[in-house]
Every structure is written in structure tokens, then in C-alpha cells.
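Hello,

Here is the structure I said I would pass on. Please have a look at it first; my notes follow below.

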Amino acid sequence: MFQSWTWLTFLHWRYPPDQIRRLLPRQLALDTFDGSAWVGLTPFLLKGLRAPFTPALPWISHFPEMNVRTYVRGPDGEPGVWFFTLEAARLAAVAGARLAYGLPYRWTRMRVQRGSETVEYASSRRWPFGSGDARIRVEIGEPIETSELDRFLTARFRLYTILLGRLGFAQIEHEPWPLRSGRLIRLAQNVVQASGVPEPLGEPILLYSPSIDVSVGRVQLVG
């Protein structure tokens, strides 16, 4: 699948490794940085969703999305992402991704609004996907030189999933993230803890990216 991720904010919190390791499939190893596990809340606007050799369709190919994620290594040691939830505002996309990728997508009401210097996200899960709400407002900063931690949190080129009862992965391809700094103006959320992760504590690390083009491969089963 091809798509663009636009107006994307990374919010990341440190966690004790044992709190997150117990939430992972046994085939995956927790990937840590500076002795900590990291959990991210990442809202953005998805555009141009399409399969190979097909055009992006109006409306269905353009919608807000948000995920809760952590960082892992597969049986071959390859780093990647494990998703605790992916919230999306298109029911057809939710159904298709759950079926084809085994990912824990949930249907939500969500909007993304970009101002001249700010971006704002609002999300609320729809029935029957339980409760989970977020209100986030960010002041967008200047381009930054990426640190080792920035790259650990963003440069991930594989997603892991459980499909048909087996561990699988899909390769993700994109250019290096064009990252900016940012300042958190508002954060009110319970999506992280509504996804089975302990409530985050303290101020998150914040990174912002204006846009990136992405391709996601088919799932390859390994477990």
C-alpha cells in the first residue's frame, strides 16, 4: 500500500522495561534506549491511500489516524514497531487493515486542523470499539538535527503483527523523517491506557513532521 503521512506529531514517554515487555508477544524482544522502554502516541492525517497500479479514491483514501506504539526486535533481531492500537476515521480502512494485516485498528471520530503555527488533533472512539479520547494541540517549531534518540523513536522500517495466530511483519519504506521541534500546548488523553498500556507519567518528548511518503509491504509470516 502507498500513502502519505501528513502533519504528524510524535509524543513519547519513558517506561520501565518490565511494564511494557509483559504486553508483547513472546516472539518479540523489547527494544530499549537509555535503559527505558518507550511508548509513543502518534496522530496524523493520512492521504493518498492506494494499492499498486490503482489511483487513490476520494474520501476513502484521506482520513485522520493515530496510533499507540512501542519498539521491538523480531526473531532475526530486526528492529520494528509493535502497535497497541491504531485509531482511524474510516470504517472501511479499519476493516481492511484488521483483515489483511491483523492490526488492532479501531474506528474513531477524529479531526486534524492545521493552523499557521499550530496543529490540533481530536479523537473519540466509536461503538463498538470501546472508549478512548484525545485532545492534543501543538505549536510547531523549527527543523532540527536528529539525535540518536530521535532516530530510535522514528526510523523504524518494519511493523510486527499477529495474523492468523502467527507472528508476521511488513516492511515500511520511506525517506528519512523531516523532523521539527514543537511545544505541547494541550494534552488530554486516555487512549494510551485504553489500549492496555499503563498510564504515561510526566511530560512527553515531542517531535513534529510536516509530511512523508510511505509504502507498506504485504505481511510475511514467520512464527
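**What I found**

The largest nonpolar core holds 64 residues. Those with the most contacts inside it are Trp-5, Tyr-15, Ile-20, Leu-41, Val-68, Val-192 and Val-197. Strand β3, residues 37-50, gives the largest share of this core, with seven residues. Keep in mind that this is a predicted model.

Take Val-197 from that list. Leaving aside residues up to four places away in sequence, Val-197 touches Tyr-15, Ile-20, Leu-23, Val-39, Val-68, Phe-84 and Val-192.

Next, strand β1, residues 2-15. This strand is mostly covered, with eleven of its 14 residues buried. Which strands does β1 pair with? One is β12, residues 205-216: the pairing is antiparallel and runs over ten bridges. There, His-12 has Ile-205 as its bridge partner. Another is β3, again in the antiparallel sense, over nine bridges. Leu-11 stands opposite Leu-41 in β3. Leu-41 is also among the residues with the most contacts inside the core.

Now the whole chain. The protein chain has four helices and 13 strands. Its radius of gyration is 16 Å, close to the 17 Å that the globule rule gives for 223 residues, so the chain is as compact as a globular protein of that length. Along the principal axes, the C-alpha atoms fill a box of roughly 45 × 45 × 35 Å. Buried residues account for 49% of the 223. Of the contacts between residues at least 6 apart in sequence, 67% join residues at least 24 apart. The chain exposes about 10,800 Å², and carbon and sulfur atoms supply 53% of that.

Best wishes

Technical notes
Residues numbered from 1 in each chain as written. Predicted model: local features only at pLDDT ≥ 70, side-chain atom pairs only at ≥ 80, totals over all residues. Heavy atoms only, no water. Core = buried A, V, L, I, M, F, W, Y, C linked by side-chain atoms within 4.5 Å. Buried < 20%, exposed > 50% of the residue type's maximum accessible area, 1.4 Å probe, protein only. Helix = DSSP H or I, 4+ residues; strand = E, 2+ residues; numbered from the N terminus. Contact = heavy atoms within 4.5 Å. Pairing = 2+ DSSP bridges. Rg over C-alpha atoms; globule rule 2.2 N^0.38 Å. Areas by Shrake-Rupley, 256 points an atom, 1.4 Å probe, with all protein chains shown as cover.
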